[in-house]
Amino acid sequence: MSIAEAAVSDAEADLLFADLIDQPALVLAVSGGPDSTALMLLAARWRKRHRRGPKLMAVTVDHGLRPEARREAAAVKRLAAHLGVPHRTLRWTGVKPTSGLQEKAREARYRLIAVAAARAGATCVLTAHTLDDQAETILIRMTRGSGLTGLAGMARVRPLAADRTERAASAFLVRPFLDLPKSRLVATLRSAKVASANDPSNLDPRFTRVRMRGLMPALAGEGLDARRFALLARRARRAEATIEFAVDAAAAALSDGLWPTRGPIVFPEAGFARLPAEVALRLLGRSVTQVGDEGPVELGKLEALAQALAVAVARRARFRRTLAGAVVTLHGGRLVVERAPSRRNRGRGPASGRPAGRKPAQFAAQR
């Protein structure tokens, strides 16, 4: 038996969950598929091996999109009871979108799970994303012209907000299996004689991820397998950390004290113009996301704004343009980013502050 086909051992599971032992509670996102079922099985076994540790709760989201979903949730509940793990089924109600269904379903799933985690007193939600999922995610982002942040792939830990408009996360999303191939989770279930469900949408070519998954065997034949994609992600993440460090330093050098939520955020034109292009782009993106009210900044639109700004600086011309609910102005040797006028912003309370340069949770200019 090859390593890729071996079940995950108790010793490996102890390492995978080691940094979670002191958490008060953990929520396990379990759809009933093989990956998430293996997550619940391994987490339950891990918890039983230790005298102390977090409480576990499994949650299953029924999106109301397939008649089989209710039966699959019931199967998860039975297995959870057998493993001694409390379980809840959450339902996505209301009218379903006709386009972008998978993305909207994912957003709804995380929103529901984040609320459940808050009620359970859990600060961490565990998902069963694997090495294969990481590779597919990077490939999808490459096809969409992603920046460096996107090529860094999925992080093992990231903030999880109950709503995408929230600036503060209510919990953290943890992916303990990102370095494991899916085949090892399947082997773990086979070894334990535990059944799992198969979602037919995972074979539906209407969905981008399914089409990308179909390309993986051919790419692997050319040497670009899941581990190569993961290597790219690690190297991109390393470069990403370096650039973000430089942006932090630039923010501290060019601005004083707190960045007010509504602005204005002010930079000296000369100092901003001397920044390396990527650092300037990200600093501009941070400030626009900080004071704007229209969500994450799209990379392409941010790049267009930065290019137009660079032309204005070179020509020593005045500049004024809006993006994502913020207005960027260049005049009198100062670059100013402030909230754009908007009817829906009238009557809101006073602005709060954030340390200069600190990244808002929803900044996604490089995704």
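The following legends describe close-up views of a predicted model.

**View 1. Helix α2 spans residues 34-48**. This helix has 15 residues and extends 21 Å from its first C-alpha to its last. That reach is close to the 21 Å expected at 1.5 Å a residue.

**View 2. Helix α2 is largely enclosed by the rest of the structure, because twelve of its 15 residues are buried**. The buried residues include P34, D35, S36 and T37. Also among them are A38, L39, M40, L41 and L42. A43, A44 and W46 are buried as well.

**View 3. F17 and W46 form an aromatic pair**. The structure holds four aromatic pairs. A pair of aromatic rings is described by the distance of the centres and the angle of the planes. F17 lies in the loop between α1 (10-16) and β1 (25-29), whereas W46 belongs to helix α2, so the pair ties together parts that are 29 residues apart in sequence. Both F17 and W46 are buried. Together with F177, these two residues form one aromatic cluster.

**View 4. The charged end of R109 sits over the ring of Y110**. The distance from this charged end to the ring centre is 5.8 Å.

**View 5. R206 lies over the face of F207**. R206 is placed 5.8 Å from the centre of the F207 ring.

How values were computed
Residues numbered from 1 in each chain as written. Predicted model: local features only at pLDDT ≥ 70, side-chain atom pairs only at ≥ 80, totals over all residues. Heavy atoms only, no water. Helix = DSSP H or I, 4+ residues; strand = E, 2+ residues; numbered from the N terminus. Expected span 1.5 Å × (residues − 1). Buried < 20%, exposed > 50% of the residue type's maximum accessible area, 1.4 Å probe, protein only. Phe/Tyr/Trp six-rings, centres within 6.5 Å; stacked < 30°, edge-to-face > 60°. Lys NZ or Arg CZ within 6 Å of the ring centre and 35° of its normal.
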